[in-house]
Amino acid sequence: MGRETSTARPRVVILGGGFAGIGAAQKLKKADAEVVLFDHHDYHTFQPLLYQLATGLLETTGVGHSLRDLVHGHDNTTVHKTAVTAVDLEAKSVQLEEMAPLSYDYLVLALGAQVNFFGTDGAAEHAFPMYTLPDALRLKEHVLDRWEAADKDPTLIDDGALNVVVVGGGPTGVETAGAMAELYRGEFTRDYPNVAQESAHIVLVEAGPEVFAMFEPDIREYTVKALAKRTVEVKTGEIVSAVRPTRVTLKSGDELKAHTLVWGAGLQGNRLVDSLGLKLERGNRIGVGPELTVTGYPELYAVGDIAAITDAKTEQVLPQLGSVALQSGEHAGETIARRIAGKDVKPFKYKDKGTMATIGRGAAVVQMLGGRTMKGKAAQAAWGTVHLALLPTNEDRAKAIVNWAGAGLTHQRAGRITVSADRD
Ligand SMILES: Cc1cc2nc3c(=O)[nH]c(=O)nc-3n(C[C@H](O)[C@H](O)[C@H](O)COP(=O)(O)OP(=O)(O)OC[C@H]3O[C@@H](n4cnc5c(N)ncnc54)[C@H](O)[C@@H]3O)c2cc1C
């Protein structure tokens, strides 16, 4: 691999092609700069829909979008699929797995977050996290495999082959538990007529006293009812202490028979930040100032899930959400473009579109800034509007509308097949 080529234009390096990285790249499209985006995948992951991939409602291309496609028409931008292994902030250089190091004039750190098992015994080996596209595929294939196995050998049912424990009563856990229950009580009832549905359990375990602690009481009440209607059993005030391939142990001493444990309980900033020598905030996130730069490094922007961004309005650290990532990435891209053009720059202002989640078909919840809430079908429509805006292209939006409308009308989960590349 050759050494970097010299360029008269400033070089902007973007690390990560999630909402934040893509937001930055979009705003740099017309900048008089050389823009280079690195991601260890060749696709952008639309994380809010991972649970739909895991439960067969969507296929891979409904959740992953080609990164190269997203920068078509950006004459100043190149994309490389490679892992970033280190960043030397003093030398202003990034190190890459399969390429020579590359220096930068501006750096946008948008490497996102990763799962945090909080050191739970056996979780790293046996739990199914829900953060990446491969995570969602692994979960789907594992659940399908367990149903196929139990269909052939019913003794597995008593051993908990069809039981799923979902850890975490936040949006990831609740959405996954709700979608899994709809898959079980819907398609699987017809797919596996010889398996008694009542012997397949979905249990949601939350350490705190309630699910959806971040929402208003009416939403929490609605959520518990919506989960119960979908036959999800909720255990609050319980902590998972050990995970084995077929058993889950709770701190209270109870042992649950379950061949599947979905981990939706915790995130931490990408571990690469540990090597940067920066002081980190709660959750392993990089603290940034009002322009989203890191103190002492005016050329270094940290955006999205990897950053701890304080909201100018509420003075609270913003949550790890798609809209925060997209807007902060856009702000960094726009600010860099303005600095290159010699224009003045402004502090970041977050436009809050509400906090929302989907529990199941026709059952969503939305909480607006100020506490106003929506539930049910109206909330589902609001969820659709906000999430369509997060999709990277108009083509993706059109595809999502067709997919969502189709799934809503037919209730079909066409993605519930397993295709193995190493088997004819
Ligand atoms: C299951 C789930 C459901 C969610 N639902 C919602 C929702 O409904 N609404 C909402 O607003 N938000 C939701 N979120 C949160 C939202 O998806 C995140 O806040 C958002 O994706 C963060 O964007 P980001 O660009 O900071 O990071 P990411 O989207 O994580 O992107 C980081 C990118 O960096 C790349 N990368 C990481 N490490 C390396 C490396 N070493 N080298 C090269 N590349 C690397 C990754 O491949 C990835 O493409 C959900 C999250 C999850 C996990």
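# Reading ring pairs and charges in a predicted model

Analyst: Searching the whole structure turns up 8 aromatic pairs. This is a predicted model, in which local features need pLDDT of at least 70 and side-chain atom pairs count only at pLDDT 80 or more, while totals for chains, interfaces and linings use all residues. Residues are numbered from 1 along each chain as its sequence is written, and side-chain values use heavy atoms, with hydrogens and water left out.

User: How do I read an aromatic pair, and what angle lies between the planes of Phe-19 and Phe-46?

Analyst: Rings of Phe, Tyr and Trp (its six-membered ring) pair if their centres lie within 6.5 Å; planes under 30 degrees apart are stacked, over 60 edge-to-face, and the rest tilted. Phe-19 and Phe-46 are edge-to-face, with 75° between the planes and 5.4 Å centre to centre. This pair links distant parts of the chain, 27 residues apart: Phe-19 is in helix α1, and Phe-46 is in the loop between β3 (43-45) and α2 (50-54). Helices (H or I, at least four residues) and strands (E, at least two) are DSSP runs, numbered from the N terminus.

User: Is Phe-46 buried or exposed?

Analyst: Buried means under 20% relative accessible area, exposed means over 50%, and partly exposed is in between (1.4 Å probe, protein chains only). Phe-46 is buried, at 0% relative accessibility, and Phe-19 is buried at 8%.

The rings of Trp-147 and Phe-188 have their planes at 45° and their centres 4.7 Å apart, so this pair is tilted. Trp-147 lies in helix α5 (residues 133-152) and Phe-188 in helix α8 (residues 187-191), so the pair ties together parts 41 residues apart in sequence. Trp-147 is buried at 0%, and Phe-188 is buried at 1%.

User: Which residues do ring pairs link into a cluster with Trp-147?

Analyst: Tyr-184, Phe-188 and Tyr-192 are linked with Trp-147 into a cluster by ring pairs.

User: Now for charges. How do I read a salt bridge, and how many salt bridges does a search of the whole structure find?

Analyst: Side chains of opposite charge can pair when their charged atoms come close. The cut-off here is a side-chain nitrogen of Lys or Arg within 4 Å of a carboxyl oxygen of Asp or Glu. The search finds 17 salt bridges.

One of them joins Arg-413 to Glu-182, with the closest N and O atoms 3.7 Å apart. Arg-413 lies in the segment after α12 (394-410) and Glu-182 in helix α7 (residues 171-185), so the pair ties together parts 231 residues apart in sequence. Arg-413 and Glu-182 are both buried.

User: Where does Lys-375 lie, and where does Asp-218?

Analyst: Lys-375 is in strand β27 (residues 373-376) and Asp-218 in helix α9 (residues 217-229), so their pair ties together parts 157 residues apart in sequence. Their side chains meet in a salt bridge at 2.7 Å, N to O. Lys-375 is partly exposed at 33%, and Asp-218 is partly exposed at 28%.

Lys-279 and Glu-281 also form a salt bridge, their closest N and O atoms being 4.0 Å apart. Lys-279 is exposed at 69% relative accessibility, whereas Glu-281 is partly exposed at 37%.

User: Which residues do salt bridges that share partners join into one network?

Analyst: Glu-182, Glu-187, Arg-230 and Arg-413 are joined into that network.
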